[in-house]
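Have a look at the model first, and then read on.

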Amino acid sequence: EVIGIVGKTGTGKSTFIDILLGLLKPNSGYIYIDQNKMNSNLFKQFRLLVSSVPQDYFILDRTIEENIVFGQSKIDYNLLNKVLDISMLRDLINSLKYGLKTFVGEKGVRLSGGQRQRLAIARAIYKKHSLLILDEATSSVDTVTEKNILENIINNDPEITILMITHRLQTLKNCDYILEIKNKKLIKYYNPDEYKVK
């Protein structure tokens, strides 16, 4: 499923994700997954299943290839090539003299905002996890590119779950349902049209 998370600025969307990932502890209440109350051991296991693209993602002053595989010594080039197509980085790679071996500069300064976001998404997909969290991760790409990337991710792995924070109504069309954070509560809308006409 693709689940959209919406809400006004400052309502706690990113905080909700940080709590879900165990980066923050809730002041009250608990998190349950499959009816199991989460503890430190379960959080460690859960995080092994999750790839996350936060708003402030980290880009190494290294090559595009190194940024995608991110510290893994053995590179799966079949997977890497697939990831380039899914994240729509193929045209960029083909346009560069050194391709994947191109250095991106500190914080990816040699890339545009949209290219940096697609690089961060490629890194997350390369991990092959079953839950992908996108926190405004496509805000710097146009809506057509965003739609294509989401469709590529789902077509590559129909079993994947995508949890995405977005402010774009166009993006919400890709969601199976929407969670709105409002007055410190989650309100569920079962389809994007229901949310838009509320």
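How much space lies in the largest pocket? It holds about 420 Å³. This is a predicted model, where local features need pLDDT of at least 70 and side-chain atom pairs pLDDT 80 or more, while totals for chains, interfaces and linings use all residues. Residues are numbered from 1 along each chain as its sequence is written, and side-chain values use heavy atoms, without hydrogens and water.

**Largest pocket**
- A pocket here is an open set of points on a 1 Å grid over the protein atoms alone, where a 1.4 Å probe fits, with protein on both sides within 12 Å along at least five of seven lines; lining residues have an atom within 4 Å of a point.
- The lining of the largest pocket has 16 residues, and G12, T15, F16, I19 and K184 are the closest to the centre.
- α1 (13–20) and β8 (185–189) each supply at least two lining residues, with α1 giving the most, four.

**Second largest pocket**
- About 300 Å³ of space lies in the second largest pocket.
- Its lining counts 13 residues, and those nearest the centre are I3, L20, T161, L163 and Y177.
- Two or more lining residues come from each of α1, β6 (161–165) and β7 (177–182).

**Charges over rings**
- A charge sits over a ring if NZ of Lys or CZ of Arg is within 6 Å of the ring centre and within 35 degrees of the ring normal.
- K37 lies over the face of Y30, 4.1 Å from the ring centre.
- The charged end of K188 sits over the ring of Y177, at 4.1 Å from its centre.

Technical notes. Grid points are joined across faces, edges and corners, and a volume is the space filled by probe spheres set on the points.
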